[in-house]
Amino acid sequence: MKAAHFLSVLAVLALATSIASAYDPSPLQDFCVATNDPKNALFVNGKFCKDPKLATAEDFFTSGLNIPGNTDNKVGSNVTAVNVDRIPGLNTLGISLVRIDYAPYGINPPHTHPRGTEILVVVEGTLHVGFVTSNQPDGSNKLFTKVLNKGDVFVFPIGLIHFQFNTGHTPAVAFAGLSSQNFGVITIANAVFGSTPPINPDVLTKAFQVDKNVIDYLQRQF
């Protein structure tokens, strides 16, 4: 009888451990709306898998990262992404690469990657970089910042707001690896002031504690 009781307890503990160790996989897109229509269905990462027997070396290859991106824009930077859309073989491997070009005094403005940690190396120029922590118990947000020169490396943890600014009068170039095949980008200013439809100005006026005319002006910029 005691043996049966012991086995029952052991079985319950094993089941509890199994349940506790289970988890939902990290999504590889912003959301996944359930559908009962298979014609409108996609895998959660939006990609189907090719039969391995049909794969070729081209599925794992791309070129062109030696070509500078066009930085003739308002922020003076350009990000060339090498993700699963450019190299199909990256599907399910959890990694991507980007080349970032900066015009003199150009910036990769404050943004987040909701699905990937980033490790960046400077190959030309000097960059002022940094990230801000999530809200701390005391209500503060700590800034971690550094000036990087050629060959220096810096890490931006997943989901945290970060930036890079070219402090020099010559162009700069960096490469970065990210821990997702589809890391996602949320550029803070664009998302807050340039969403479609726009966020109610009353919300932003209260959130930023500024005059509504300031919010109206910022929304017009995006």
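## Sheet, cores and loop residues in a predicted model

Strands β5 (residues 127-132) and β8 (residues 161-166) pair in the antiparallel sense, over six bridges. Helices (H or I, at least four residues) and strands (E, at least two) are DSSP runs numbered from the N terminus, and two strands pair if DSSP finds at least two bridges between them. Within this pair, L127 has N166 of β8 as its bridge partner.

This is a predicted model, in which local features need pLDDT of at least 70, side-chain atom pairs count only at pLDDT 80 or more, and totals for chains, interfaces and linings use all residues. Residues are numbered from 1 along each chain as its sequence is written, and side-chain values use heavy atoms, with hydrogens and water left out.

Both strands belong to an open sheet of five strands with antiparallel pairing, in the order β6-β5-β8-β3-β10. Its edges are β6 (143-148) and β10 (186-187), each of which pairs on one side only.

L127 is also among the residues with the most contacts inside the largest nonpolar core, together with Y102 and L120; this core has 17 residues. A nonpolar core is a set of buried Ala, Val, Leu, Ile, Met, Phe, Trp, Tyr and Cys residues joined through side-chain atoms within 4.5 Å. Buried means under 20% relative accessible area, exposed over 50%, and partly exposed in between (1.4 Å probe, protein chains only). At least two residues of the core come from each of β2 (96-102), β4 (118-124), β5, β7 (153-156) and β9 (172-178). The largest share, four residues, is supplied by β9. Another core, of five residues, lies apart from it and includes L65, V82, V84 and I87.

Contact means heavy atoms within 4.5 Å. Neighbours within four places in sequence aside, the contacts of L120 include I100, Y102, L127, F154, F156 and F175.

In the loop between β5 and β6 lies T133. T133 counts as buried because its relative accessibility is 15%. Beyond its neighbours within four places in sequence, T133 is in contact with N141, K142, F144 and L160.

T92 is exposed, since its relative accessible area is 57%.

A cis peptide bond joins T196 and P197, with omega about -5 degrees. P197 is in the loop between α2 (188-193) and α3 (201-208).
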